[in-house]
Amino acid sequence: MAGLATTFGSGAMTNSISEIEQADVIIVSGSNTTEAHPQIARRIIDAVDGSAGLIVIDPRKTDISKFASVHLQIRPGTDIPLLNCIMRIILDENLVDDVFIEMRTENYVVLRDMLYRLDLDETAAETGVSLEKIRRAAKLFGRAHKGVFCYCLGITQHICGTDNVRSIANLAMLTGNVEKQDTGVDPLRGQNNVQGACDMGALPNVFPGYQGVADPTAREKFSRAWKSELSDKPGLTLLDMTHKSRENGLHAMFIMGENPMLSDPVQDKVKETFDSLEFLAVADIFLTETARCAHVVFPAASFAEKSGTFTNSERRVQHVRQAIEPIGDSRTDSEIITDLSAGMGYAMAYDNPAEIMEEIAMLTPLYGGMHHDRLNENWGLQWPCPDRNHPGTPYLHKHSFTRGKGLFQPASHQEPGEPPDEQYPFKLMTGRVYHHYHTGAMTRASHLLSRECPRALLEINPEDADRLGVRDGEYVTLSTRRGNITICTKITDRVQPGMLYTSFHFHEAPVNKLTIGSVDPTAKCPEYKICAARLERIQS
Amino acid sequence: MQYTLTTCAHCGCGCGVYLHTENGRVVGSAPSKNHPVSRGNLCVKGWHLHDFIHSPHRLTTPLIRKNGVLVPADWEEALDFTATSLTRIKKDHGPDAIGVVSSAKCTNEENFLLQKFTRAVLQTNNIDHCARL
Amino acid sequence: MSAAYILAKDHLKSFVRKISKGSRLIAPVTNEYGDTLYSEINCLDSTQIDTQHQPQSSIKHFFLPQQESILSYSVSQAGEYHFSNILIGVPTVFFGVRSCDLAGLLYMDVIFSNPAKDPYYFKKRENSIIISLGCNEPFENCFCNATKSGPFLDFGFDLRFTDLGDRFLVEPGRKRGMEILEEFAYFFNDASEQDLKDQYQLQLESRSSFQQNVHVDLAIKKLANEEVGKDVWQDLADRCQDCGGCAYVCPTCTCFTITDQPVSESEGERVRSWDACTFAGFTRMVGGHNPVSSEHSLRRRFLHKLKYDVSLHNRTSCTGCGRCVGICFGGVDIIKFISAVCES
């Protein structure tokens with residue numbers, strides 16, 4: 001998000017989901033789209049069936065790569081050299097959009113000079129993909145009239161995640177593939193309301209609508225509305241809290257509906273933090289691994305038991321409607337927060353979520369026209385929607401970028417924080433599977449979803465399996481410098497030799513015991529996609 | 001059988017889903033045909049969206065740790081204990097001694113309220129969620 | 001007594017009100033979001049029955065719910081188990097059932113009778129009155145002409161309605177339909193010869209206005225003779241994204257699974273829920289071996305519809321409703337499959 005925000009001024013999907021099927025060339029990078037975003041994969045497959053070209057950039061063979069005209073199976077962590085190669089070829093082939101660059105962007109010369117200094121053969125070699133293949137992809141995308149670039153956590157969960165995103169933005173601007181309908185840059189959001197949680201200011205540095213806490217005007221506005229003195233000091237990020245509570249002087253935490261014990265890297269550190277806290281309160285629908293560490297646990301109502309709104313990946317704010325009463329003695333998170341607030345001497349009186357949204361609309365220009373009564377029309381509204389008469393915005397940056405001119409920010413290759421070595425010879429990557437959602441608290445309660453995908457599987461290439469004498473379905477010990485877990489193997493050529501892949505949904509095989517603590521310095525996104533690992537057979 | 005149109009909670013696509021309820025129980029999930037994202041179909045997670053709602057493992061009562069063990073408590077006690085603890089820690093160690101984690105699975109309104117609570121009541125900006133995970 | 005009657009459109013609402021007294025009424029309703037669903041109608045004055053649009057899902061889930069408790073159990077302190085069957089059958093009038101959905105129901109009647117009668121299904125089935133509605137104009141993806149299940153299915157209903165513009169032609173089918181007509185005779189006039197001619201004309205026009213041209217018979221023949229190339233099956237397997245949607249929206253897909261779920265420490269329920277034969281877990285054995293590959297499970301689903309059922313029941317179990325058309329994540333559907341088979 002930080003990458004797009006500095007380039008375009010806004011870190012969200014620029015298109016609507018349904019625009020994707022109108023594109024004539026689509027690049028999918030670092031996204032296991034069919035499993036993590038099935039509806040977007042459906043649009044991509046429809047586009048391909050209607051003769052669009054598809055370029056997939058992924059070290060693994062994913063299902064979507066079966067539909068690709070070109071699959072660039074790069075070495076993990078070499079997205080920047082690959083994108084630089086592609087851009088250089090586009091430059092050499094004279095496929096750049098000069099008018100767009102002239103009218104809508106700045107800092108182009110710096111990018112161009114960097115690209116001209118590039119040794120193509122050398123850079124291509126870094127990616128592990130043949131230059132000829134890269135050239136095919138570059139020409140395909142360079143000639144696109146309506147090019148869409150979709151990416152996901154395979155791009156951002158690297159030490160150089162922000163630079164990866166900037167490179168994508170560079171490519172889009174170089175070819176003029178933003179601003180128009182059916183073209184754009186689309187970060188696919190992982191969880192159902194990630195977009196909304198960001199929009200609402202559940203971030204350490206911004207109020208709702210990305211209004212900076214350090215900005216005196218914004219602070220003054222919120223301070224007046226909330227009748228409270230507000231801090232101008234940006235807060236701690238999630239990993240600063242769960243990994244470095246002591247250094248950061250944290251004594252208490254309140255966690256609503258998250259399970260950092262499974263989702264955050266270096267699980268032992270998270271556990272240590274929670275155990276050392278003077279006070280930990282958790283609100284959740286299940287007794288998660290995190291809730292088990294708490295001093296107080298509040299039973300929360302599920303999405304079926306409350307009303308409100310979610311914002312999806314295409315910035316569409318949509319109704320969540322209550323179907324049943326809260327189960328047992330559970331209460332909605334809103335009730336829990338307002339009751340707690342009242343208990344601390346600050347009354348928050350709202351009759352219903354619609355009234356909360358009125359306050360959001362008043363304080364957040366991005367959501368200025370979002371009122372519950374309007375959201376029934378046209379299946380919700382896409383932000384920005386500044387006022388009551390505004391129809392919402394299906395695609396962003398129509399006449400100008402949110403920040404004015406698009407900013408080219410060249411980037412160069414950066415080695416992962418922990419490259420493989422003799423002791424830990426594998427590159428371990430983590431991700432999601434089709435049948436489960438995040439830490440599995442909800443999907444694993446489904447009999448059918450659990451049956452379809454009962455356990456975490458560690459994907460290993462047949463070559464490596466042969467060499468180590470590992471059988472399909474055998475439980476092995478997977479270790480990194482952080483610790484080890486026992487996990488079931490799946491032998492498949494979906495992964496290249498030297499690579500291992502697994503998912504983080506299962507508490508029995510908590511892969512985040514193993515992942516590395518390093519983060520992208522700008523976005524603070526953990527480097528889930530690469531760390532060095534070793535695999536051993538279990539001696540009986 | 002009643003149908004309630006809502007938004008799927010299992011990924012960022014945001015499908016329109018009808019929850020089927022009968023006698024206060026959610027017994028089915030089905031896609032909306034006209035919804036621009038779901039367009040008449042759901043992925044396997046969406047079709048099984050209702051499965052977890054009535055799970056016997058759902059938390060139904062507040063819990064408080066007593067002598068190292070989480071035991072059932074009533075709401076008043078749990079809320080009081082939390083409010084007192086947070087107030088004390090804020091007083092003893094300052095507002096920045098408290099950290100809050102919000103959720104990408106909760107609604108916009110809840111996220112708004114929690115950050116408002118963090119900023120206006122606890123008076124810290126220590127709030128984040130797992131956007132990056 | 002003539003076999004057809006006329007009901008003035010003005011009297012539809014009061015007729016439906018009368019026959020659904022004391023029963024649940026299910027009929028197509030287009031909601032505020034533009035989706036047409038077979039819905040429970042509690043108030044006929046505030047809810048409009050929609051006779052113009054195809055309901056987006058069939059009536060299957062009223063007879064085979066997506067999830068249904070079929071048995072409850074409890075354990076006494078002495079360790080004795082007590083079981084009780086949960087048989088639910090609310091008297092229900094289904095109005096405006098389309099031919100494809102009626103055909104689906106008739107198919108389920110067969111499936112759930114063999115080898116033994118399924119009590120949970122038949123409890124609901126026996127408490128239902130089915131009033132079907134002929135389709136004057138086939139919808140976008142319909143091809144029931146090719147599966148011989150519409151647009152005016154001639155059997156299986158209690159009453160059949162045909163929309164003649166300003167009036168409905170009403171024909172009795174099963175015994176219960178006759179009884180209704182007798183009980184509420186004051187609503188009806190005998191149909192004239194002209195009414196029957198109008199109906200015949202409508203049926204002819206409807207049959208000639210299908211937008212989809214699907215060669216079901218040819219596909220059946222080619223599948224029976226195994227004249228289908230391997231690539232057809234491989235393409236299906238490559239494209240399937242495992243959502244189960246085609247089975248869930250299908251009026252004749254009846255795969256289910258059964259699980260026991262504890263409700264408390266001493267009580268629990270046996271739950272039957274929808275399943276799909278295309279899911280890997282449907283055939284996976286204990287120990288992890290799966291005797292059926294994903295290519296085979298897809299192949300089996302299509303062969304079940306277009307080959308096995310044809311040899312067993314002499315008709316396909318695809319009812320041509322078109323609901324699986326255009327919804328597949330991998331861009332396949334039964335129409336595309338049938339044309340691929342025909343071209344193979």
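This is a predicted model: local features need pLDDT of at least 70, side-chain atom pairs count only at pLDDT 80 or more; totals for chains, interfaces and linings use all residues.
1. In strand 19 of chain A, G483(A) is the residue opposite T480(A). Residues are numbered from 1 along each chain as its sequence is written, and chains are lettered from A and ligands numbered from 1 in the order in which they are written.

2. Strand 18 (residues 475-480) and strand 19 of chain A are antiparallel and share 6 bridges. Strands (E, at least two residues) and helices (H or I, at least four) are DSSP runs, numbered from the N terminus; two strands pair if DSSP finds at least two bridges between them. A hairpin of 2 residues links strand 18 of chain A to strand 19 of chain A.

3. Strand 19 (residues 483-491) of chain A also runs parallel to strand 17 (residues 457-460) of chain A, with 4 bridges. Here I491(A) in strand 19 stands opposite I460(A).

4. Pairing also crosses between chains: strand 11 (residues 296-299) of chain A and strand 4 (residues 63-66) of chain B are antiparallel, with 2 bridges. V296(A) has I64(B), in strand 4 of chain B, as its bridge partner.

5. The contact involves 117 residues of chain A and 86 residues of chain B; residues are in contact if their C-beta atoms, placed from the backbone, lie within 7 Å. On the chain A side, helix 16 (residues 333-343) gives the largest share, 8 residues. That side has 63 nonpolar, 38 polar and 16 charged residues. Ala, Val, Leu, Ile, Met, Phe, Trp, Tyr, Cys and Pro count as nonpolar, Asp, Glu, Lys and Arg as charged, and the others, Gly among them, as polar.

Terms used. Two residues are in contact if their C-beta atoms, placed from the backbone, lie within 7 Å.
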